[in-house]
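Please open the structure in your viewer and keep the sequence beside it.

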Amino acid sequence: VTALEEKIIVSKLGDNATLSCIYREKELRLKNLRVYWQIADDQEECSVVHALISSQDNESEQCIHFKNRTRLFWDKLESGDFSLLLLNVSQSDEHRYKCVVQEKIEYPKVIHRAEVVLSLAASYSQPILSGPIRNSDSTGEEVTFSCRSGNGYPKPVVYWINKTDNSRLPSSEPNITLHDDGTYSVFSTLKVKATSNMQIECSIENKILQENLSANYTQQKQSDDSSTEGYKNLEKSGRGAQAAGIVSIVILMGLLTVLTCWLWRWRSSRLTSY
């Protein structure tokens, strides 16, 4: 028996996973080979995942769960590649798998063993961070943030971070929901005292995929004050424009009155002269 190799394979839910089992010691003939893929977990009642005997797939003892879901790479067997293709993986496929290869010339002899751990994962959606609606005078009051994400696997780790000093903020236990398709959604809340410059980050971590998705909330009190001041300036400008318009109308009416009087006097003088 050659040295035992163990690998960890990470696959996403619904994808196809290739469980690796490679032997490179010598050339082989397919008719002399027996290849067994089994579940190495002792608690499983049925352990046969795939079997190749006498150049044919043997399905007589294969577990129902794996029927029509496993493939060997026939064009690679004689070169020592006994990897197994597992189709449409789900949570129930998370196991430690064992590959055993026998060569029968005079008598069956195990020439290779390998173990593969299959871990499944699914990426979480981009977190949605909701912050409080603040008044300019709410500094010091307790405010609540909420963060949600979904369609991920396995259960995530949720972090709340104060970005002003990158410190970790304590939060309540997140609410994690399991869906029918095997994925999870998560909802987390954070209660903190409001400050004039709040910068809060919610982070959703998937450790298997080594993914860390985050959403940020930033609110500065100064921006609220400047917006109010801008509104006041706009209001003043509007009143000034209105006053200027009224003055212009009065001046125009005065000019028309003067012109009318002048024309009337000029016409009167012409008639008298005549």
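The model is predicted: local features need pLDDT of at least 70, side-chain atom pairs count only at pLDDT 80 or more, and totals for chains, interfaces and linings use all residues. Residues are numbered from 1 along each chain as its sequence is written, and side-chain values use heavy atoms, with hydrogens and water left out.

**Stop 1: the core**

Select W37, F82, Y97, L118, F145 and W160. In the largest nonpolar core, which has 50 residues, these six touch the most other members. A nonpolar core is a set of buried Ala, Val, Leu, Ile, Met, Phe, Trp, Tyr and Cys residues joined through side-chain atoms within 4.5 Å. Buried means under 20% relative accessible area, exposed means over 50%, and partly exposed lies in between (1.4 Å probe, protein chains only). Strand β9 (residues 108-121) supplies the largest share of this core, 5 residues. Strands (E, at least two residues) are DSSP runs, numbered from the N terminus. Where does the core lie? Domain 1 (7-121) and domain 2 (125-218) both give residues to this core, so it lies between them. The domain bounds come from an automatic or database domain assignment. In soluble globular proteins, nonpolar side chains tend to be buried together.

**Stop 2: a sheet of three strands**

Next, select β2, β7 and β6, which form an open antiparallel sheet in that order. Two strands pair if DSSP finds at least two bridges between them. The edges are β2 (17-19) and β6; each has a single partner strand, so one side of each is left without a neighbour in the sheet. Neighbouring strands are turned by 25° against each other on average, direction ignored; the axes are lines fitted to C-alpha atoms. Strand β7 (residues 84-86) is joined to β6 by 3 bridges.

Now select T70 in strand β6 (residues 70-72). Is T70 buried or exposed? T70 is buried, with a relative accessible area of 6%. Its bridge partner in β7 is L86, and the C-alpha atoms of T70 and L86 are separated by 4.9 Å, although the two residues are 16 residues apart along the chain. Show the side chains as well: T70 makes a polar contact of 2.8 Å with the side chain of H50 and another of 3.0 Å with the side chain of Q62. A polar contact is a pair of N or O atoms within 3.5 Å; within protein, one must be able to donate a hydrogen and the other to accept it, and residues adjacent in sequence count only if both atoms are side-chain atoms.

**Stop 3: a sheet of four strands**

Select β10, β11, β15 and β14, an open antiparallel sheet of 4 strands in that order. Its edges are β10 (128-130) and β14 (175-178). Strands β11 (residues 142-152) and β15 (residues 184-193) pair over 9 bridges; S146 has T189 as its bridge partner in β15.

**Stop 4: strand β16**

Finally, select N206 in strand β16 (residues 197-206). N206 is buried, with a relative accessible area of 3%, and its side chain reaches the backbone nitrogen of I208 at 3.3 Å. N197, also in β16, is partly exposed, at 30% relative accessible area. The side chains of N197 and Q199 make a polar contact of 3.5 Å.

Key
Axes are lines fitted to C-alpha atoms, for helices over the stretch in contact, and angles run from 0 to 180 degrees between N-to-C directions.
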